[in-house]
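User: I would like a close look at one part of the model shown below, namely the place where its chains come together. Please give a connected account, with the criteria behind each term.

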Protein chains: 2
Amino acid sequence: MSYCYKYPRPALTVDCVVFGFTAEEQLQVLLIQRGLPPFAGQWALPGGFVQMDETIEAAARRELVEETGVENLFLEQLYTFGAVDRDPRDRVVSVAYYALISLQSHPTQAATDASAVDWFPILAAEEDPFTQLPALAFDHREILSTALQRLQSKIRYEPVGFELLPPKFTLTQLQELYEAILGYPLDKRNFRKKLLKMDLLIALPEKQVGVPHRAPRLYRFDSARYEALTQRGFVFDL
Amino acid sequence: MSYCYKYPRPALTVDCVVFGFTAEEQLQVLLIQRGLPPFAGQWALPGGFVQMDETIEAAARRELVEETGVENLFLEQLYTFGAVDRDPRDRVVSVAYYALISLQSHPTQAATDASAVDWFPILAAEEDPFTQLPALAFDHREILSTALQRLQSKIRYEPVGFELLPPKFTLTQLQELYEAILGYPLDKRNFRKKLLKMDLLIALPEKQVGVPHRAPRLYRFDSARYEALTQRGFVFDL
DNA sequence: ACAAAAGTGTTGCGCTTACACCCATGG
DNA sequence: CCATGGGTGTAAGCGCAACACTTTTGT
C-alpha cells in the first residue's frame, strides 16, 4: 500500500523539547535514545510523524505519551525547522514544541520498550549550556537552543515557571527555578517583594515538613486570579 | 507522473502576512484575489506550496515575488497552522510568515497575471481591527490575527518598526506608525525623549521639504549601532 | 497674520536596586 | 547550642507619566 500525490511532499514530523526541574538537579531536558537509523544509538528529542487525522499539537502530545509516558503537560509550539538537508534520508520538515513539567509530580519514566529515556542537565549560566548533553541527532541541538532561548524570555513576561514546580512550592524553590533558567542570581528580598505584590500567590496554611531547619511556607499559583487580572490588562513581569 | 510514499503526508504550504504602512492610509495588509478553487474569487494571504529543494523561508520569499512582486523584505516565521480541516480539499499544513515593507520605497504592485493584488487597511484601535477587510479564504483571518498580535508585541522590544518606514523618516511618522500598530495614542514628548536617548537614530542634515508648514527633521535608523549595543546586552524597549 | 505641525522641560511618584541581620527549627 | 536555611525593611536613585506653550514655515 502506498500513497501517491501529483507533486512531491516533504514528510512532516514533530519534535518536543521537554524541560523538567528538580531542586537538586536543576533544569533538565528529556531525551530518548534512538533505536532505529538514522542516528541509531544516538540521543534525540522525542518526536515522530504527524498523522493525517490529528492536529500537529495532538501529534506532539501523542508522541510524548508513547515515547516517554508523560501526559497532560504545558505544551506550546516553538518553531518549524525546514532546512533541506536536516534529515539525511529524505526531506523532513519538523514542527518543534516545548513542554514544561514538574519532575516532582510526574516522576521520571522508566525506559519504554527497547529504547532508553533519560533526563540531562542544562546549565543556563554557562556560555554553552549543553556541555552535559550527549551528541544529538539531526538538528536537535539547534532546536534545543531555540527552546531554551524561548523559555528564558517567556518566563519573564508570562507565569510559565509554575508549570515546572509542584502545585505547592516555596519561594526559595521558585527563585532557584528562575535562577536555573535565566542563568544568573536574583536578589532574595526583591524577588519576594515583587512576586508577592502581584497578588498571584496564595500562601497556604501548611508549611513544608521534614527539613532539618526552619520550615518554609508553601504557596500555590492562583491561576484564576491571573486570568482575571490579564483580562484587565495586567502583564506579568518578573 | 506522481510521487508515492509508504505513509500518507499532509501537503505543506506557506502563507505570508505582508504588513505595509503609509502615513495617510495607516497600517495595511496585502491580499490577493484567488483565481482557482477552493475559494475562487475570494481574497486570501499570498502563499503556496513548499518545494522539495527550498527551505520554508525560501518558499515564502519565492511566493511573495511570484504573486506580489515584492522582494527583499523583512520576513519572520510566525506560526504553523495545522487544523485537520483547514483546507476543504486535503490535509494541508501551512507555515505562516509575516513580512514588513515600506510602501513608500516599494510602491504597490499592479495586479499580476489574472489575479488581483491589493492593500487593505487594518484598524488596530478597533475592537475588531479587520472590519475593513473582505472575507478571507481558509483560516487566513486567524493567521492575520495572530500576525497582528505578534507585530504588536514585537514592535515594543525589537526595532522592527523601521522596516515599515522609508530609510529617512521623521519622528512624527515613527510615532504615527507605533500608534497605528499598537492602537492607542502615545505622548509626543515622552516618545521622542525615549527614542533619542537610545542613541539609535541618526539625525540627518536635510529636512523634509514641500510641506505647508515648518519642515521636520529627518532621521535614519542606525542598524550597525543597534547590532553593537545588542552584543553588549542592550535591549530595545519602547 | 494665520494656520499647521514641529519641537522642547520639569516635576512627582513609583519602581528598582542594593544591602545585612534576626528567626525558627531539628539534630 | 549550633548549623541551616527562612524570612524581613529601608534608603537612594532612576525611569516613567503627565502636562502646554513657543517656534518655524508656507500661504
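Which rotation, and what shift along its axis, superposes chain B on chain A?

Analyst: The model is predicted, so local features require pLDDT of at least 70 and side-chain atom pairs pLDDT 80 or more, while totals for chains, interfaces and linings use all residues. Residues are numbered from 1 along each chain as its sequence is written, chains are lettered from A and ligands numbered from 1 in the order in which they are written, and side-chain values rest on heavy atoms, without hydrogens or water.

Chain B is brought onto chain A by a rotation of 180° with a shift of 0.1 Å along the axis, at an RMSD of 0.1 Å. This is the relation of a two-fold axis. The superposition is by least squares on the C-alpha atoms of residues with pLDDT of at least 70 in both copies. Within chain B, the residue that comes closest to the rotation axis is Cys4(B), whose C-alpha lies at 2.0 Å. Both copies use the same surface: 100% of the contact residues of chain B recur in chain A, where contact means heavy atoms within 4.5 Å.

The contact draws 31 residues from chain B and 31 residues from chain A. About 2700 Å² is buried between the two chains, with carbon and sulfur atoms giving 59% of that area; buried area is the accessible area (1.4 Å probe) that two parts lose on being put together, summed over both. On the chain B side, Tyr3(B), Arg9(B) and Met52(B) lose the most area to chain A, and together they account for 24% of what that side buries.

Two salt bridges cross the interface of chain B and chain A, a salt bridge being a side-chain nitrogen of Lys or Arg within 4 Å of a carboxyl oxygen of Asp or Glu. The side chains of Asp90(B) and Arg9(A) meet in a salt bridge at 2.7 Å, N to O.

The elements of chain B that give two or more residues to the side touching chain A are β1 (3-5), β2 (11-22), β6 (74-81) and β7 (92-102). Such elements are DSSP runs numbered from the N terminus, with helices (H or I) of at least four residues and strands (E) of at least two. The most comes from β6(B), with four residues. By class, this side of chain B has 19 nonpolar, six polar and six charged residues; Ala, Val, Leu, Ile, Met, Phe, Trp, Tyr, Cys and Pro count as nonpolar, Asp, Glu, Lys and Arg as charged, and the others, Gly among them, as polar.

The two chains also meet at the DNA. Near DNA strand C, α4 (188-198) of chain A and α4 (188-198) of chain B each supply at least two residues of the surface. The surface near DNA strand C holds three nonpolar, four polar and 11 charged residues. Base nitrogens of DNA strand C lie 2.7 Å from a side-chain N or O atom of Lys188(B) and 3.4 Å from one of Arg214(B).

DNA strand D is surrounded by 17 residues, the closest being Lys188(A), Arg192(A), Lys193(A), Arg217(A) and Arg214(B). Of the atoms of DNA strand D that come within 4 Å of the protein, 37% belong to sugar and phosphate. A polar side-chain atom of Lys193(A) is 2.7 Å from a base oxygen of DNA strand D, and a polar side-chain atom of Thr172(A) is 3.2 Å from a phosphate oxygen. Arg189(B) has a polar side-chain atom 3.2 Å from a base nitrogen of DNA strand D and one 3.5 Å from a base oxygen of DNA strand C. The largest share of the surface near DNA strand D, four residues, is that of α4(A).

Conventions. A polar contact is a pair of N or O atoms within 3.5 Å; within protein, one must be able to donate a hydrogen and the other to accept it, and residues adjacent in sequence count only if both atoms are side-chain atoms. A residue is near a molecule or strand if one of its heavy atoms lies within 4 Å of it.
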